Amino acid sequence: MEYVPTIGIEMHCEMKSNSKVFSPAANTYSKHSNTHVSPIDMGLPGVLPTVNKECVRKSIMMASILHCEIPEVLCFDRKNYYYPDLPKGFQITQSHMPIGIHGEIEVPYGESTLKVKIHDIHLEEDSAKMEHLERESLINYNRAGVPLLELVTEPVFHSIDETIAFLEYIRRVYQFTGISDADMKKGQIRCDVNVSINEEDGSLGTKVEVKNVNSFSNIEKVLECEIKRQIQLIDNGKRDEIEQETRRYDEATNSTIRMRSKVDAIDYKYFVEPNIPKIKIDPDWVKEIQDSIIELPLSRRNRYQALGLTSEDIKILLRERTISDYFDECITLGCEAKMASSWITSIILANLKDEESSIEDFKVQPKDLAKLLSKVLDKTISNKQAKEIFDRVLKEDILMEKAIETSDVQISDEAYLDSLVKSIVEAHPSEVEAYKNGRTNLFNFFVGNVMKETKGKANPVLTKEIIEKYLQ
Amino acid sequence: MKSVLLNIHDKQKELDRTFDEIQEHQKNYNSFVTLLEKVPLKEETSSLLSNVCYALKDNYSTKGILTTASSNTLRDYIPPFNSTVYEKLEAAGAICVGKTVLDEFGMGGTGTTGHTGVVRNPFDTSRIAGGSSAGSCAAVASGLVPFAIGSDTGDSVRKPAAYCGIVGYKPTYGMISRWGMLPFASSLDHVGIFTRSVLDAAIVADALKGKDEKDMTTWDSSSIHLQESVENSKDQKYKLFYIKEIVEEENYSNIKENHRQVIENFNAVLEHCQKNGILVEGVSIDKDLLAKIPSVYTCISCAEATSNMSNLTGISFGPRENGSKIDELMTNFRTKNFSPLIKRRFVIGSYVLQSENQEKYFVNAQRVRRLLVEELKKYFQEYDGLILPCSSSIASKIEDAKDMMKKSDDLAILENHMALGNFGGFPSITIPCGKVDGMPIGLNITGNVYEDEKVLSLASRVEEIIEEEV
C-alpha cells in the first residue's frame with residue numbers, strides 16, 4: 001500500500017502594531033526583560049482589556065487575503081488554563097467566532113500553484129516568555145499581550161514540500177502586507193503540526209499533533225521523523241499504537257516525544273470574554289481594508305513570469321516587498337524588464353548587502369536607474385559605462401543626472417557610432433557629393449556632426465574610421 | 001430623607017467629627033480593612049463632593065494603598081494604579097477615610113466572611129449588616145460618612161442597604177467604569193452607591209458616571225443628569241408594577257411572622273403610593289421561570305468568578321507560597337489562602353464550564369437569563385418601574401448567617417429577585433421603607449436600562465411618600 005501523509009498546520013504569527021492587542025504597552029522587541037509591561041499584561045486584579053483597533057484591522061486584512069468569511073460582529077473568548085506564563089490564568093482568543101472562517105488561498109508551488117483550504121484565522125494574545133535556569137525560572141512579560149494571529153489550515157497537505165511552500169508563502173504575505181515582520185529569529189512564528197497516515201481504505205488516519213515548532217527547517221525535520229515513525233509502526237502491524245496525542249520535537253535526538261494523550265487533553269473551558277462587548281464590524285470598513293490590500297507576491301510572480309524574467313531573478317525580486325516595489329517602479333518609468341531586473345538583482349542588491357541598508361534609502365532610486373538605463377537602451381552609453389556612472393554616483397555622492405552629464409567616458413560602441421555616422425551621411429547627400437569631388441576638408445564637417453550628437457564623447461579614432469568607411 | 005450632601009455647612013467640622021468617631025465606629029462595627037490618615041481639607045473644587053468624607057469598598061484599586069478584597073490572597077497587595085471610581089472621587093476632591101470590609105471578593109451576602117472579621121449592623125450589633133458591601137453600608141448607616149462606594153453583583157449593595165435602612169443604588173451596567181474594581185463576575189458586576197437619600201445617590205452617581213476608555217463596556221451618559229432630574233420630578237405621573245408571584249401571601253406555605261410583616265409593610269407602601277397618584281399594578285410572571293433566578297445566578301457568577309480569579313496564583317503579585325515545582329507553588333497558594341466558601345464556588349464554576357457540562361448548565365443559564373431579562377423588558381414598555389420588597393425578613397443574627405449560596409426554598413425568589421437587576425444591567429435602587437421588630441427593611445425599584453433618571457426620580461417620589469405616610 002502507498003502511504004499518503006496528511007498534514008494540517010496551526011501557524012501563530014506575532015503581529016506588528018504600536019501597542020499590544022489588549023493593553024497600551026508598546027509592542028516592541030526589546031533586549032531588556034519586563035520593560036514593556038502594563039498592569040493589564042501582568043494580569044493584576046481589576047484590569048480590563050481594550051481591543052486594539054489596528055490589530056483588528058490587520059486581522060480583517062489577513063482574513064480577506066485568505067478569502068475567509070468575516071463575521072458581522074467581533075467577539076472574543078477566554079481560554080482558561082493555569083500556567084506561569086499566562087498571568088491572568090486565561091488567554092483572550094477567538095474560539096466560537098473567529099475573525100475569518102472557511103477560507104482558501106492559492107500559493108506558488110514550484111512554477112505552478114497550490115490551493116490551500118483554511119479552517120479559520122483568529123486574533124489572540126501571546127503569553128509571557130519563560131526562561132528555565134537550573135535552579136529557577138524567569139518570566140519576561142514583554143511578550144505577554146503581544147497580538148498573535150493564529151491561522152489554522154484544513155488537513156490538506158500531502159507532502160513536506162507542499163507544507164513548506166505554504167508556510168513560506170504566508171510568511172511572505174505577512175511581510176509584504178506589513179501585518180507582521182514574521183521574523184523567525186525573534187520567535188515571531190510558531191507552529192503546531194498535525195500529521196496522519198491514510199488508512200488502507202484511503203480515509204484519514206489517526207492524527208498526531210506536534211506542538212510549538214519554531215522554524216520551517218524544524219517543521220521539515222518534524223514532518224520527516226513523525227511520518228517515518230508512523231509508517232514504521234504501520235509496517236510493523238502496530239497501527240493501533242498511533243494514538244491521538246500531543247507530542248513535541250526534541251532537537252537533540254531529532255525525534256518527537258509524547259507530551260500527553262487525548263485522554264489527558266486540557267479542557268480550556270472556553271466562554272465569551274464578558275469585558276469586551278460584541279462590536280459590530282462595519283462592512284464599509286471591511287471594504288476599505290480590502291481595497292487597501294497591496295498586490296500580493298503570487299500576482300507579482302505571475303506578472304514577472306509574463307515579463308520573461310528568470311525564476312532565479314523572480315525569487316530575488318520577491319524576497320522583500322521593497323525590492324519588488326522598486327522593480328515595479330522602474331518598469332513604470334519605462335525600463336526594459338530584464339535589464340532592470342538584472343541590474344537590481346546583481347548590482348543594486350550587492351551594494352545593499354555591503355552597506356546593510358534598505359533599498360528604500362538607497363542612493364540610486366528607480367527614477368535614477370531609469371535615466372541611466374535609458375541611456376544604455378538608446379546606446380548613448382554602454383552597459384560598462386553605465387556601471388561606471390553608477391559607481392561614481394555612489395562613491396562621489398552626486399546626483400545621477402549630474403553624473404551622466406559630466407561623464408567623460410568616450411563612446412566607443414562601434415555599432416552605435418556606425419549607425420550614427422550612417423544617419424548623418426544620409427542626411428547630407430550634397431556634402432558627401434562635394435567631398436567625393438575633392439573638397440576633402442568637408443571630412444571635419446562630418447566629425448563635427450558626430451561630436452555634436454554625442455556631446456563630444458564619441459571616440460575620435462573610431463569615429464574617423466567609420467566616417468572614412470562611409471565616404472569611400 | 002433630605003439630602004445630606006447639600007447640607008454640609010462646615011466641612012472642617014464634618015472632617016473632624018468623622019475622624020474623631022472613626023476609631024469608635026471601627027470598634028463597634030468593624031467596617032474597615034484599612035483606616036486612612038486624616039488629611040487637611042483640600043482646595044475646594046466645583047463638585048458637591050469636594051471635601052466630603054466617604055468610605056471605599058476594599059475591592060477598588062487605590063494606588064499605593066492596600067487593596068485586599070477582604071481576601072488572604074491579597075492581604076499585602078498594593079496596586080500600582082487607581083480604579084476609575086477612586087480617581088474620579090479624588091478629582092472631585094472627596095476625602096477617602098478608609099477601605100471597607102466585604103465578603104471575600106464580594107462573594108457572599110452577609111459581611112461575615114472577610115479576612116479581617118465580621119461587620120456588624122449599626123441598628124443591632126448582634127446582627128449582620130448584609131453583604132457583600134458590608135463595611136461601606138455600615139459606615140453610611142451609622143452616620144459616619146454621608147456616602148460610600150460598594151459593588152453589586154447579585155444585590156451586594158441593595159440588600160445590605162435594606163438591612164441597614166439606607167439607600168443603595170446600582171446604575172445601568174456600564175454607566176460607571178469598572179476599571180480597577182476587583183472583579184467577581186464581570187457580566188454582573190456593577191459599581192454601587194450608598195447614601196441616606198435618593199438625591200444624594202444621584203449626586204454621587206453624577207460624579208462617577210461617564211465613558212471610560214479603559215472599560216469597553218461603558219457608554220456615553222453625558223446627556224443624563226441625575227441630580228437635576230430628581231430635583232425636577234415632582235409632578236410626574238408614574239406607573240409601577242410588582243410581581244404577584246413574589247409578594248402575594250398565597251404563594252408561601254408556612255409564612256413566618258417576620259415575613260408577613262415585610263409583606264404587610266410593602267402592601268401599605270403600595271396603598272400610599274396609589275393614594276398619592278402613583279399607579280401600581282400586579283403582573284404575573286411564570287413562577288417556574290422566576291424560580292430559576294438563584295441557579296442562573298450561581299451558574300453564571302461562579303463560572304465567571306473561577307476564571308476572573310485564576311490570576312491569583314502568587315506568581316506575579318500577592319504573597320508567594322513555597323513549592324518544589326511551579327504547579328505546586330500555585331496550588332499551595334490557592335489552597336492556603338482562599339476560604340472554603342470561595343473554593344466551593346470555584347468548584348461549581350469549573351464544573352459548569354467543563355466542555356461536557358457547559359451546554360447543560362452554563363449555556364442554559366445564559367438562555368434563562370435572557371428569557372428573564374426579556375420578560376422584564378416587556379413590562380418596562382408599559383410601566384416605569386418594578387417595585388418589590390428587598391428580602392423576606394430583617395437582617396439575621398450573626399450566628400445564623402451562613403454563606404447564603406442561593407437556596408431553592410419557598411423564599412428563594414423573594415430573597416434573590418434583585419439579581420434580575422444584574423442579569424439585565426437594569427438601574428435598581430433600594431430605599432428604606434420602615435421597620436420590622438425595630439430593624440430596618442427596604443424596598444427596591446428597578447427600571448429599564450439607560451432610564452436611570454426615571455428610576456431615581458420615581459424612587460425619590462416614593463421615598464417622599466414613605467417619609468410622609470409610614
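Is A:D397 buried or exposed? A:D397 counts as exposed, because its relative accessibility is 54%. I begin with this residue as a way into the salt bridges, to which I shall return. Please bear in mind throughout that we are looking at a predicted model.

The domain assignment divides chain A into domain 1, residues 5-288, domain 2, residues 295-405, and domain 3, residues 414-471. Between the C-alpha centres of domain 1 and domain 3 of chain A the distance is 72 Å.

I turn now to the interface. The size of an interface is often expressed as the accessible area that is lost when the parts come together. Here, chain A and chain B bury about 2700 Å² between them, and 64% of that lies on carbon and sulfur atoms. On the side of chain A, the residues that lose the most area to chain B are A:P45, A:L48 and A:Y82, which together account for 24% of what that side buries. As to residue numbers, 34 residues of chain A and 40 residues of chain B take part in the contact.

What is the count of salt bridges between chain A and chain B? The count is zero. Polar contacts, on the other hand, are found across this interface: 14 residue pairs, with both partners at pLDDT 80 or more. Three elements of chain A, namely α1 (39-42), β3 (77-80) and β8 (137-140), each supply at least two residues of the side that touches chain B. Of the side of chain A that touches chain B, α1(A) gives the most, with three residues.

One residue deserves a separate word here. A:P274 sits in the loop between β14 (271-272) and β15 (279-280) of chain A. A:P274 counts as buried because its relative accessibility is 14%. Which residues does A:P274 contact, leaving aside its neighbours within four places in sequence? In its own chain there is A:R78, and in chain B there are B:Y173, B:S186, B:S187, B:T217 and B:E304. A:P274 and A:R78 are 196 residues apart in sequence, yet their C-alpha atoms are 8.9 Å apart in space.

Let me now return to the salt bridges. Over all chains, the count comes to 53. A:D397, with which I opened, has its side chain in a salt bridge with that of A:K363, at 3.0 Å from N to O. This pair links distant parts of the chain, 34 residues apart: A:K363 is in the loop between α9 (337-355) and α10 (366-377) of chain A, and A:D397 is in the loop between α11 (383-396) and α12 (400-405) of chain A. A:K363 counts as partly exposed, at 32% relative accessibility.

A second pair in chain A is formed by A:D418 and A:K469, whose side chains meet at 2.5 Å, N to O. A:D418 belongs to helix α13 (residues 414-427) and A:K469 to helix α16 (residues 460-471) of chain A, so the pair ties together parts that are 51 residues apart in sequence. A:D418 counts as buried, at 19% relative accessibility, whereas A:K469 is partly exposed, with a relative accessible area of 46%.

In chain B, B:K159 and B:E415 form a salt bridge in which the closest N and O atoms are 3.0 Å apart. This pair too links distant parts of the chain: B:K159 is in helix α4 (residues 158-164) and B:E415 in helix α14 (residues 412-416) of chain B, 256 residues apart. Both count as buried: B:K159 has a relative accessibility of 7%, and B:E415 has one of 16%.

Chain A also holds a network of salt bridges that links A:E226, A:R229, A:E243, A:E245, A:R247 and A:R258.

I close with two further features of chain B. Helix α8 (residues 257-275) of chain B has 19 residues and reaches 27 Å from its first C-alpha to its last, close to the 27 Å expected at 1.5 Å a residue. Its buried residues include B:V262, B:I263, B:F266, B:V269, B:L270 and B:C273. An α-helix has 3.6 residues a turn, so residues three or four places apart point the same way. After α8(B) comes B:G277, which has a positive phi, near 90°.

Finally, B:N357 is found in the loop between α12 (340-353) and α13 (359-382) of chain B. Why does B:N357 count as buried? The reason is that its relative accessibility is 9%. Apart from its neighbours within four places in sequence, B:N357 is in contact with B:Y351, B:V352 and B:F362.

Technical notes. Residues are numbered from 1 along each chain as its sequence is written. Chains are lettered from A and ligands numbered from 1 in the order in which they are written. This is a predicted model: local features need pLDDT of at least 70, side-chain atom pairs count only at pLDDT 80 or more; totals for chains, interfaces and linings use all residues. Side-chain values use heavy atoms; hydrogens and water are left out. Domain bounds come from an automatic or database domain assignment. Helices (H or I, at least four residues) and strands (E, at least two) are DSSP runs, numbered from the N terminus. The expected span of a helix is 1.5 Å times one less than its number of residues. Buried means under 20% relative accessible area, exposed over 50%, partly exposed in between (1.4 Å probe, protein chains only). Contact means heavy atoms within 4.5 Å. Buried area is the accessible area (1.4 Å probe) that two parts lose on being put together, summed over both. A salt bridge is a side-chain nitrogen of Lys or Arg within 4 Å of a carboxyl oxygen of Asp or Glu. A polar contact is a pair of N or O atoms within 3.5 Å; within protein, one must be able to donate a hydrogen and the other to accept it, and residues adjacent in sequence count only if both atoms are side-chain atoms.
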